[in-house]
Amino acid sequence: MVERHAVVSGASIAGLSAAFWLRRTGWRVTVLERAEAFRDGGQNVDVRGVAREVLARMGLTEAVKAQNTTETGTVFVDEQGRVLAELPSDGPDGATAELEVLRGDFARMILDHLPDGVEITYGDTITEVADDADAVTVTTASGRVLSADLLVVAEGVRSATRDRLFGDLVERRDLGIAMVFGTIPRTASDDSRWRWYTTTGGRQIHLRPDNHGTTRAMLAHAQAADLTRLDRADALARFRERFADAGWEAGRVLDGFDTSADVYVDQLTQIRMPVWHRGRVVLAGDAGWCVTPMGGGGASLALISGYVLAACLSTTADRYQDGLAAYEKWMRPLVDDVQNFPRWLVPFAYPRTRLGLTLRRLVDKAITSSLLSPLTAKLTQVADTTRALPPIGAAHS
């Protein structure tokens, strides 16, 4: 039998997971990544629910544990940094998960453990796709023409290839929250906890430890215009204006971002689609269903998607549509469970008034009390299911 060929566009967690498992099941895999080199850096992600089983099947559980961010818990603080409440972190899926790792470290682990036979090309992007019954032909910006049996689009929330091929099916739900992430120097006041500060005006400041001797920081504010089209200096100027009177560590974070090497600005936008495949093209990760940090579990869903896609295709031989339909059917409940959070959650999480902030802090204390904390712990359980992972069939080659 002729070896099947898959092109994967995007070399972060979803794309690398798809490449890993497709190769494991006998595919020849070509990965295209628009960045000129592997993208290190990034904020904390975690491995939750059934993603832990996928990670174990990859043989990477101990590697992730060895790269743990060192975070030990999650606390809400006031403007003086005093702890107001602490989220439950018991068990593997607490607010600080057992398997907590930086995005870049996680992606690097998968990259370093890809099976032989996966080709990765950096600095190239898809410019044209021709999909017919027999093959999908991909043309890239560098002039390469690749004929494949499958195209996996794992380019992230702002995927250009997805918009080109599925534009009429893409629903963008802007949550109205702007975020800026970056790495700043660690100081003596930093500790091993995720410190989470909320203040009026719909503003939040987050500081989290990492395993590289620095601190990962985030600023977020609600009812925000989309800043992703601005250059870095202009975007940071907007945040500096918005957070001028925010208090706590706002000034330190903003000053740190001025010289940080990995500042990233985002506008939280859910991607919702009725289908994730057309012909021989399939979406994985944020390109198909961005859940945003408000829902959580994006890295776990990305990891799971690569396994489930390869598993479903491995048991349907050359019946690609059956395999892609089975992939969607298995993944959809996990995605829907995370995306469908109540609309009141955003204004509650980002209070604008002093009264709203007072109510928010009262609720925080209540839900983290000994009486309610077992129920609160369930809120962080994402990518969780009682269903068995689909089986991997015999490799086809």
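**A helix pair and the core around it**

Guide: The axes of H10 and helix H11 (residues 320-339) come within 8 Å and cross at roughly 155 degrees. Axes here are lines fitted to C-alpha atoms, for helices over the stretch in contact, with angles from 0 to 180 degrees between N-to-C directions. The crossing angle therefore makes H10 roughly antiparallel to H11; angles under 35 degrees count as roughly parallel, over 145 as roughly antiparallel, 65 to 115 as roughly perpendicular, and the rest as oblique. H10 passes H11 in a right-handed crossing. A crossing is right-handed if the near helix is turned clockwise from the far one by less than a right angle, and left-handed if anticlockwise. On the H10 side, the contact is formed by Leu 301, Ile 304, Ser 305, Val 308, Leu 309, Cys 312 and Leu 313. H11 contributes Tyr 320, Gly 323, Leu 324, Ala 326, Tyr 327, Trp 330, Met 331, Leu 334, Val 335 and Val 338. Contact means heavy atoms within 4.5 Å.

This is a predicted model, in which local features need pLDDT of at least 70 and side-chain atom pairs count only at pLDDT 80 or more, while totals for chains, interfaces and linings use all residues. Residues are numbered from 1 along each chain as its sequence is written, and side-chain values use heavy atoms, with hydrogens and water left out. Helices (H or I, at least four residues) and strands (E, at least two) are DSSP runs numbered from the N terminus.

The largest nonpolar core has 83 residues, and Leu 22, Phe 106, Leu 303 and Ile 304 touch the most other members. Helix H10 (residues 298-314) gives the most to this core, with 12 residues. A nonpolar core is a set of buried Ala, Val, Leu, Ile, Met, Phe, Trp, Tyr and Cys residues joined through side-chain atoms within 4.5 Å. Buried means under 20% relative accessible area, exposed over 50%, and partly exposed in between, for a 1.4 Å probe and protein chains only.

Leaving out residues up to four places away in sequence, Leu 303 touches Ile 13, Ser 17, Val 47, Ala 51, Val 54, Leu 55, Met 58, Phe 106 and Ile 110. Ala 310 also lies in helix H10 and is buried, with a relative accessible area of 0%. Beyond its neighbours within four places in sequence, Ala 310 is in contact with Trp 21, Leu 22 and Thr 25. Pro 391 is 81 residues from Ala 310 in sequence, and their C-alpha atoms are 9.6 Å apart in space. Gly 297 counts as buried, at 11% relative accessibility. Its C-alpha atom is separated by 17 Å from that of Ala 18, 279 residues away along the chain.

The axes of helix H1 (residues 13-24) and helix H4 (residues 103-112) come within 9 Å and cross at roughly 15 degrees. H1 and H4 are therefore roughly parallel to each other. Their crossing is left-handed. H4 is mostly covered, with 8 of its 10 residues buried. These are Arg 103, Gly 104, Asp 105, Phe 106, Ala 107, Met 109, Ile 110 and Leu 111.

For contrast, consider another helix. In helix H6 (residues 232-242), Ala 235, Leu 236 and Phe 239 are buried. They cover an arc of only 95 degrees around the axis, which puts them on the same side of H6; the arc is that of the directions from the helix axis to the C-beta atoms. An α-helix has 3.6 residues a turn, so residues three or four places apart point the same way. Ala 233 and Glu 241, on the other side of H6, are exposed. The buried residues of H6 pack against strand S12 (171-185), strand S15 (214-222), helix H7 (250-259) and strand S16 (264-272).
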